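Reader: I am new to this structure and would like to know what the words used for it rest on. Please set each value against its definition.

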Amino acid sequence: MPELNHKTLWQIQKELKPKAEVIANEIKNRDDYNNFMKFFDFLKDNKLTPRWQSVNKWSVNYKSKLICHISINLLMGSGAHDDGWRVSNNGFIKGLLVNEYDKYIINDKLKEFIWDNIKFPPCSCKPDCKGMQDIAIMGRQFGNVCRCWPISFKNPSEDRLAYSKDWIIAVKNFITDFKH
Ligand SMILES: [Zn+2]
C-alpha cells in the first residue's frame, strides 16, 4: 500500500484516534509516565475521557466544556520538545480564575500550584500570541498571560500530582455550576 507512505502523522492518527494512555507509553522518563497514568486513572475514576483531537493531543470535556487539554511529547510551551505530558486549560476558565476562585479554590497550596503554572508568551498556541494583559488571577495581578491557554502545567512531580487533580476537580465544579 504505497499510499500509506504519503500519509502524515496527523492523517494516520485521525484514522486511528490513538488513546492517550497508549501514546503516553512512549514517554521516556518512566516517573513522568507513571505520574501520567496516575492522572489518567484519576480522570477515569471521575468518568472523564480524553478524546483524540490532534497529533498527540486530546481534549477532556465535561458537559460539553473543555475541562482540560492533554498533550504528550508535542508540548505547547516555550522550549517545546519531546519531554513528557502537559495539561492545559483554555480561556473558558477565566471566570474561575478572576471572579469565582473563592468558591472553588480554597486550598492555599492549590493556589500556589496554579500561580506557578500560569502560561506567558512566547508560546506556540499561535505564532502571534499577545497574551491577555493585566489579569488578576485569584487576587494576584499578572501581565501578559497567554489568552489561549492561561494555565498549563507539565510533568508534575509526584508530590504535586495531588494539586493537578484538585485543580481538575475545581474546574469540573465550576463547569457544573456554569450558567450560560
Ligand atoms: Zn499563548
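Author: Start with a definition: a residue is buried if 20 or more other C-beta atoms lie within 10 Å of its own, exposed if 12 or fewer, and partly exposed in between. The model is predicted. In the protein chain, buried residues make up 31% of the 180 residues.

Reader: How do you know whether the radius of gyration of the protein chain agrees with that of a compact globule?

Author: A compact globule with 180 residues would have a radius of gyration near 16 Å, and the protein chain has 17 Å, so the value agrees. Along the principal axes, the C-alpha atoms fill a box of roughly 60 × 40 × 35 Å.

Reader: Which elements does the protein chain have, and in what order do they run from the N terminus?

Author: The protein chain has 7 helices and 7 strands. The order from the N terminus is α-α-α-β-β-β-β-α-α-α-β-β-β-α. Of the contacts between residues at least 6 apart in sequence, 61% join residues at least 24 apart.

Reader: What makes the 5 strands an open sheet, and which order do they take?

Author: The order is E1-E2-E3-E4-E7, with antiparallel pairing. Strand E1 (50-54) and strand E7 (151-154) are the edge strands, since each pairs on one side only. On average, neighbouring strands of this sheet are turned by 25° against each other, direction ignored.

Reader: Why is strand E3 said to pair with strand E4?

Author: Two strands pair if DSSP finds at least two bridges between them. Strand E3 (residues 65-72) and strand E4 (residues 85-89) have 4 bridges, in the antiparallel sense, so by that cut-off they pair. Ser 71 has Arg 86 in E4 as its bridge partner. E4 and E7 also pair in the antiparallel sense over 4 bridges, and there Val 87 stands opposite Phe 153 in E7.

Reader: Why is E4 called largely enclosed?

Author: 5 of the 5 residues of E4 are buried, so the rest of the structure largely encloses this strand. Both faces are covered: Trp 85, Val 87 and Asn 89 are buried on one side, and Arg 86 and Ser 88 on the other.

Reader: How do you know that the span of helix H7 agrees with its number of residues?

Author: Helix H7 (residues 158-177) has 20 residues, which at 1.5 Å a residue should span 28 Å; the end C-alpha atoms are 30 Å apart, so the two agree.

Reader: Which residues of H7 are buried, and why are they placed on the same side?

Author: Tyr 163, Ser 164, Trp 167, Ile 168, Ala 170, Val 171 and Phe 174 of H7 are buried. Their arc around the axis is only 155°, so they lie on the same side of H7. Glu 158, Thr 176 and Asp 177, on the other side of H7, are exposed.

Reader: Which strands of the sheet does H7 touch?

Author: H7 packs on the sheet and touches strand E2 (57-62), E3, E4 and E7. The direction of H7 makes about 150° with that of E3.

Reader: Why does Asn 144 count as partly exposed?

Author: Asn 144 has 15 C-beta neighbours inside 10 Å, and therefore counts as partly exposed. This residue is in the loop between strand E6 (140-142) and E7. Not counting residues up to four places away in sequence, Asn 144 touches Phe 120, Pro 121, Gly 131 and Gln 133.

Definitions and conventions. Residues are numbered from 1 along each chain as its sequence is written. This is a predicted model: local features need pLDDT of at least 70, side-chain atom pairs count only at pLDDT 80 or more; totals for chains, interfaces and linings use all residues. Helices (H or I, at least four residues) and strands (E, at least two) are DSSP runs, numbered from the N terminus. The expected span of a helix is 1.5 Å times one less than its number of residues. The arc is that of the directions from the helix axis to the C-beta atoms. The radius of gyration is taken over C-alpha atoms; the globule rule is 2.2 Å times the number of residues to the power 0.38. Two residues are in contact if their C-beta atoms, placed from the backbone, lie within 7 Å. Axes are lines fitted to C-alpha atoms, for helices over the stretch in contact, and angles run from 0 to 180 degrees between N-to-C directions.
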